[in-house]
Amino acid sequence: MIEEIKDIKYIESRITETKREIEVLNKDYSNIIKADVSPVAEKTKEAYRQQLEYLNGKLTQLFERKNRINEHLDELHPTVKQIVIYRFVDNLTWKETADKMNLTVRNCQRILGGARKLTSVAKCR
């Protein structure tokens, strides 16, 4: 689960990038629609439609993946969730995480370690 959570920043950047690609494609596509109706233009329009369909599918998959990660995070106790976000999403050090949580480094590590043990026990059931 932690590895999946670490990916959330990457997923968010891919979502932003894909949205940008769709924007550019939509602008280009709208210009082509206004253009001529020659066979070359029709092939180009079809290529744009296919690319747009591909990008929209990719965007849907990224959002689904992000939602699954958020669902996993929402299952965690709020303290554990915040430690996980600081450590693995925001890439803070243990010291920075502990300072933000008003805990000691050791307490943060114990809390997260206990949560990992509970998660692995739950997976075995």
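**Exercise 1. A salt bridge to start with**

Asp 74 forms a salt bridge with Lys 81; find how far apart their closest N and O atoms are, and decide how exposed each partner is.

*Solution.* Step one: recall the rule, in which a side-chain nitrogen of Lys or Arg lies within 4 Å of a carboxyl oxygen of Asp or Glu. Step two: read the distance, which is 2.8 Å between the closest N and O atoms of Asp 74 and Lys 81. Step three: recall that buried means under 20% relative accessible area, exposed over 50%, and partly exposed in between (1.4 Å probe, protein chains only). Asp 74 is exposed because its relative accessibility is 54%, whereas Lys 81 is partly exposed because its value is 25%.

Before going on, note that this is a predicted model: local features need pLDDT of at least 70, side-chain atom pairs count only at pLDDT 80 or more, and totals for chains, interfaces and linings use all residues. Residues are numbered from 1 along each chain as its sequence is written, and side-chain values use heavy atoms, with hydrogens and water left out.

**Exercise 2. Two more bridges**

*Solution.* Step one: helices (H or I, at least four residues) and strands (E, at least two) are DSSP runs, numbered from the N terminus. Glu 12 counts as partly exposed because its relative accessibility is 31%, and so does Lys 66, because its relative accessible area is 22%.

An α-helix has 3.6 residues a turn, so residues three or four places apart point the same way. To finish, the count for the structure comes to 7 salt bridges.

**Exercise 3. Around helix H4**

Which residues of helix H4 (residues 78-89) are buried, and over which rings does Arg 87 sit?

*Solution.* Step one: the buried residues of H4 are Val 80, Ile 83, Val 84, Tyr 86, Arg 87, Phe 88 and Val 89. Step two: a charge sits over a ring if NZ of Lys or CZ of Arg is within 6 Å of the ring centre and within 35 degrees of the ring normal. The charged end of Arg 87 sits over the ring of Phe 88, 5.7 Å from its centre, and Arg 87 also lies over the face of Trp 94, at 4.4 Å from the ring centre.

Step three: look across to Lys 9, placed in helix H2 (residues 8-34). Lys 9 and Phe 88 are 79 residues apart in sequence and 9.5 Å apart in space, C-alpha to C-alpha.

**Exercise 4. Positive phi**

Find where Asn 91 and Asn 102 lie, and give the phi of each.

*Solution.* Step one: most residues other than glycine have a negative phi. Step two: Asn 91 has a positive phi, near 55°, and its place is the loop between H4 and helix H5 (94-101). Step three: Asn 102 has a positive phi, near 55°, in the loop between H5 and helix H6 (105-124). Step four: Asn 91 is exposed because its relative accessibility is 59%, and Asn 102 is exposed because its relative accessible area is 69%.
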